[in-house]
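Welcome! Take a moment to look at the picture before reading on.

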Amino acid sequence: MPADTKSFWQYREALQATAREKFLLGALVVGGCLSILLLSDWWFREEHVASLPLFVILSAILWWGMLRMIIIWVSYLHISKPAPRPAPAGKRVAIFTTSSPGEPLGMFDKTLAACARINYPHTTYLLDDTRDPRYREVAERNGAVWLELVGLPGAKAGKINGALKRTDEEFILVLDPDHIPFPNFLDEVLGYFDDPDVGYVQVSQAYYNQYRSFTAQGAAEQTYGFYGPTQMGMHGIGASVAIGANCTFRREALESIGGHGHGLAEDLVTAIRIHGAGWRSIYSPIVVSRGLVPEDFGSFCKQQLKWARGVHEVLFAEVPRLFRNLTGWQRLSYITIGTYYLAGLTTFLFLLIPFIFFWFGIMPAQMEFVPFLVHWLPVAIFGVAIYLYVQLWMCHPASERGVHWRGMVLKFACFPVFLMGFVLSLIDHPIPYIPTAKQSVKGFTPFARPLIAHIVLFLVTVLYIVFHRSFIVHEAALELTSERTWSMVGFAGIAFLMSCGGMIAVWESQDLPEEDPWDSVDLDLIVAENKDRLDSITKPS
Amino acid sequence: MYRITLTVLAFGIGIALVMALTYAGQKSSGPIEDAVTTIGTKVTEIEHEVVVSTQEKSRADYLSWFQPYRIGTYRISHPDTILWGAYDNTQSDSYEPIVALEDTLHMKFAVVQIYSAWGSKPDERFPFNQAKAIYDLGSIPMITWEPWLNDFDNEKFPTKGDITNRNWGGMKAIAAGEYDAYIDEWAGRVKTFGANIYLRLGHEMNDPYRYPWGPQNNKPEEYIAAWKHVHDRFIAAGAKNVQWIWSPHPAYRQFNEYYPGDAYVDWIGIPTLNYGTVAPWSQWWSFNDIFGVYYDSLAVFKKPVMLSEIGCLRVGGSREKWFADALANLPVRYPLVKAILFYHSNNDNTTMDKTLDWTLLRDKPTIQAIRTAVSRWKLPPMHQPAVKTP
């Protein structure tokens, strides 16, 4: 755990992809796709079917994953980074940040103070519905305009739309209150609006509290690839999306779609509508602010549940409605994002397969392990190679590169949450608006229950298997079933270890550092660290 | 143009990478595969040891008298008793059906039969795990090894013959070494296995209507050449733990023409199945019709004889009587018979388009008839086909 997080506060940018790098990546992608083709040629054979329904389910899970992998690989081939453009002088810019009851006051103090240090002339607005005079005090002390927006539907989006009516700046930066912007933020993004078709400019979301817990680290790890190669690829195909914080909108674009979108994935709704209205989007892979990731497991799950429920709304409501207005790549991109949380269902089924074998003796597929390995290994090798290679385009490789096993554990541990979000969407059942926790909530979260249930189930099953095979299975059957049984136990053991990893996060979440992370953020340091960069982009050419 | 060139090049490199991996994967039927197979075998072995050590007496303990047959070269080819054995078609996940039959018959089967086809698929390799399981149960595996040649991969096993029908002239191709890679790998695994096995290669080779390794595709001398070639490859591979069973169908008289020679054969295997009147070509043949009348012409080979598949259907006569007649005083009537293997399949569709049931388990009169006949035999007490110990 590096004690020195000083490097976090300096401007960072992902590298531009060179022709040579793209070429190598292209070769890897072709290799990967071919391996998948060869695997599929081997996989889909009648002799491999043991139980047809289970084989269909298993195949659907596997090939759904493969299809998504191909889509993301192909989008990597379009990785591109917009050339920096100097911000034109004299534009009128607003920064919107919202406050809700219960959000810590100290955080607003820090963020609003940081906003005041942003170089490009702008007005900061605090969109407040706390009915607490101290928030107004904090806003005004930091030179921000306090707007009281109480009782509007749609929480954050409602307040933004209310504020749009009471302001008239041409550009609006929507900043989450936990994100501390760097002085050069607006100078980095405003130039892109020179193109009159650009509707919004999204920049990377980076964090400064990931070293405070397993959950925070894992949650941050899940985003490194997204804000690096993934969004850069989506930018390349004209489908980069707006993600909550750090998105700068052209007022005209927001107004053309009737204001900021509502719902649990309001940012994605806004993005798809702006794309649908024909605006272009820019994704710039630069770090010009840092915010917070959930530090405890429960808060992380709440955030994921909110997104899982919200994203499906985009899939079921927005994509069909706007389908005709989107480009082919945008359609593919939004459908891919919209189905991300199906991972909950696939993980659940995947986890169930060995238990169906243990309890009912049903195998989905009749495959020898070795040929499977021989066909699957090339896919795995190319997959890992591509995964590692595209880390070249992370925004801050020094702190972000690596094997993100905590992120994988956390994603696995969230499968019940994803599944719940999916099911709620299917039956169109609402979940209440849950603000992403800005402060850790103590205790043993109810989100840990499915993990505990899985761990208990696994241990009981293994105990049963040991008992059964020691005392009940006839010696004449033992050796013929040994390999199959224990390889299934091994297979189930992977998921078991993942759940155990999730429990580490849960356990650690009970006792997290007391100190508020923003207390130690030094705004003067941020100004100093980014002075050179600011000078270089603002000096007249 | 520049872009197109780059794209084409990237494709080329991608394809090359895949080919390199695939090639490495095929070659490394070595490292990865061996490692995984070894792990699987180790797991099986450890579990077997742990579980068996907790049990009071395993099946192998009842067959301890049989140990000299399983290891070493002398006893296996000079049997001093009659060995019992069986094949059961439901034995793929467990040998419990075998155990159930032997318990009912008050015997212990020293030999368990497995059928294994030739081919380049993974399940056509030497059935190591099955053989090991049989060994650990105290018995010896008898593997009927059937050279069906159409299951070979055309790339890995090119042939000078007809690629669409490898069976045509297949024995010649075997003798010419076209399948040596397969044979050598099989033999290598047999050597690794270590303990004695019975190997019945290309059985009923003189039956013109049945198997592709028979007269329809091959001449007798070609069959013999193939047999010798396979045998020699085993010796060359160091797989000397094999008892070679030459298994003609005596009803087709010219079986002598197919005999590979005394140096290449350890046992004579004879299938003795009575199909009764299920088919137009069959009638109720007694054991004497099927086996007895040919005994003298088989005895000239001076090799121990194994009744590799004994069975009788119930259509057209009394099965009880058939077995009673067959087994009555058998050691005296046919002194060269040293092993008898029940053919115990409830789902035999190899000869007809209907399914035949050869099982005895629930046929109490037949079971009783077999037990009575065998109990009257006069064999040395130790070798009295193991009466079930309490």
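The notes below cover the sheet, the barrel and some helices.

This is a predicted model, in which local features need pLDDT of at least 70 and side-chain atom pairs count only at pLDDT 80 or more, while totals for chains, interfaces and linings use all residues. Residues are numbered from 1 along each chain as its sequence is written, chains are lettered from A and ligands numbered from 1 in the order in which they are written, and side-chain values use heavy atoms, with hydrogens and water left out.

Helices (H or I, at least four residues) and strands (E, at least two) are DSSP runs, numbered from the N terminus.

**The open sheet of chain A**

- In chain A, seven strands make an open sheet with mixed pairing, in the order β4-β3-β2-β5-β9-β7-β10; two strands pair if DSSP finds at least two bridges between them.
- The edges are β4 (145–148) and β10 (280–284) of chain A, and each has a single partner strand, so one side of each has no neighbour in the sheet.
- On average, neighbouring strands of this sheet are turned by 25° against each other, direction ignored; axes are lines fitted to C-alpha atoms, for helices over the stretch in contact, and angles run from 0 to 180 degrees between N-to-C directions.
- Strand β7 (residues 198–203) of chain A pairs with strand β9 (residues 247–250) of chain A in the antiparallel sense, over three bridges.
- Opposite A:V201 stands A:T248 in β9(A).
- Helix α4 (residues 133–141) of chain A lies across β2 (93–99), β3 (123–128) and β4 of chain A, at about 150° to β4(A).

**The barrel of chain B**

- Eight strands of chain B close into a barrel with parallel pairing, in the order β1-β2-β3-β4-β5-β6-β7-β8.
- From one strand to the next, the twist averages 30°.
- Strands β1 (residues 83–88) and β8 (residues 337–344) of chain B run parallel and are joined by six bridges.
- B:D88 has B:H344 in β8(B) as its bridge partner.

**Helices of chain A**

- Helices α7 (residues 214–236) and α15 (residues 405–413) of chain A pack at an angle of about 95°, with their axes 7 Å apart.
- That angle makes α7(A) roughly perpendicular to α15(A) (under 35 degrees is roughly parallel, over 145 roughly antiparallel, 65 to 115 roughly perpendicular and the rest oblique).
- Their contact (heavy atoms within 4.5 Å) includes A:F214 of α7(A) and A:W405 of α15(A).
- Helix α18 (residues 475–509) of chain A bends by about 55° at A:T481, the bend being the angle between axes fitted to the seven residues ending there and the seven starting there.

Key
The expected span of a helix is 1.5 Å times one less than its number of residues.
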